[in-house]
Amino acid sequence: MRILYFQSQTPLNAFSEACLSLTPRIFVHKEREIFLDIGVTKKLFGGEKAILERAEKLMHAFQLNAKMVLTDRPEWGRVFIGNEPLVVIPEGKSHQRLIQLPIDRLLECGDPGNLEKEMHDRVQLIAFMKRVGLTYISDFSQLNTTAINRRFGKLGVQLQQWVMGTRELCLPTFSPDESMKDKLETEDIGSLEHLLLELGPLFKRLEARLWGRARLAKEVKFLIHLDSGSKSIKHLKLSEPMRESFAFIKLLKDFLGNTSWDSPLREVEVEISDMIPFLPGQLSLFDTTENKFAELGPYVERLKSRFGEDSVGFADLRESYLPERSWKTVFPPPKKPLPPRELPTLRPPILFSPPKPYQPLHNTRLIPSENLDCEWWEAGGHRRYFITQNPYGERLWVFWDCEKQQWFVQGTFD
């Protein structure tokens, strides 16, 4: 288990929704603490460093001032909180770092749901530990369970279990609220351009929350509060579901541009009033991620089923001088394509694989193109290639198979 722990003085519920894009295993404690189990998703994102970078970008989007700790167990998250904004403890080193801390840090070790209930008893117990000469957590952890029970009672035994990692902490699952709302104070905003500028960060937060929920917005509701005390409600219905903040701002410029108010704005509440699930492979006019192979894969599979297994994909070059064997369609594209090699310039862009039998007319003009030999380890022969034209005006690339004594068409230039 690898736990990314957040602690903040401001509510973290909205930020927690965005963190669902990092891992589905989230626990939120009293709106001020978040525990993310990233052990199950770190390989998916390319390692812990990549997840930390994503987490910092999310914090920046929410303008959040929080402290982070990366540790091995959730019950140790609070213990490592200090003055630094980020504490990263290498995997497997958390316990070694924990026992080196002063005995006072036991106040924060354990189930966050019971810490407040036990705080008074813990303060008294740790004061007693100091009086008997325990200075560091290592001094306490080295005692056997019988001695701890005799000297410090049941709470002491539980503390040792938390320190040694033998007591399991089961974190409940986080479920976001049905509604998705945010608001903007607009008392100092005097123009539409200024309003759109201030709405940019707000929709950045909503975009991150939509990513976390794996949803697309279909309708946005605006509740506009005026200084006069009146309210105005506007609905923006989207013909194309989306979640990208820049696309919203573009739409809002026209949507809000024709709106007038009889008094200055005081506050704007924004609610995503209708959402749909985001499905892999779903195309969007504004979603630049549609070209990712993970989302494009199902679409390619449907095309393969319709047009044939070898009809859809990327061209993968093969070691062969024969045109029909020199490439193959694959998906996803090859990571290490073969280096380009010099080929004759008079080759058509459309090739037939395999070549099709062909019979030129007796007065057909044949322009020599190139000569090829089949691979020596396979049946075949010498090919003499020509460029010709059929009665319909199509330029063809044909060859005479010297072994089969037969004409074939290899491709077309049209």
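This is a predicted model: local features need pLDDT of at least 70, side-chain atom pairs count only at pLDDT 80 or more; totals for chains, interfaces and linings use all residues.
User: Which elements give two or more residues to the lining of the largest cavity?

Analyst: The lining consists of Leu195, Leu199, Phe222, Ile224, Leu256, Trp261 and Val268. By class, seven of the lining residues are nonpolar, with no polar and no charged residues. The elements that contribute two or more residues to this lining are helix H7 (192-213) and strand S7 (215-226).

User: Which are the edge strands of the open sheet formed by five strands?

Analyst: The open sheet has its five strands in the order S2-S3-S1-S4-S5, with mixed pairing, and its twist averages 10 degrees from one strand to the next. At one end of that order, S2 pairs with strand S3 (residues 33-37) in the antiparallel sense over four bridges, and there Phe27 stands opposite Phe35 in S3. The strands that pair on one side only, and are therefore the edge strands, are strand S2 (26-29) and strand S5 (86-88).

User: What angle does the direction of helix H2 make with that of S4?

Analyst: Helix H2 (residues 48-61) packs on the sheet, where it touches strand S1 (3-8), strand S4 (66-71) and S5. Taken between N-to-C directions, on a scale from 0 to 180 degrees, the angle between H2 and S4 is about 165 degrees.

Note on methods: Residues are numbered from 1 along each chain as its sequence is written. Side-chain values use heavy atoms; hydrogens and water are left out. On a 1 Å grid over the protein atoms alone, a cavity is a set of points where a 1.4 Å probe fits but cannot get out, and a pocket is an open set with protein on both sides within 12 Å along at least five of seven lines; lining residues have an atom within 4 Å of a point. Ala, Val, Leu, Ile, Met, Phe, Trp, Tyr, Cys and Pro count as nonpolar, Asp, Glu, Lys and Arg as charged, and the others, Gly among them, as polar. Two strands pair if DSSP finds at least two bridges between them. Contact means heavy atoms within 4.5 Å.
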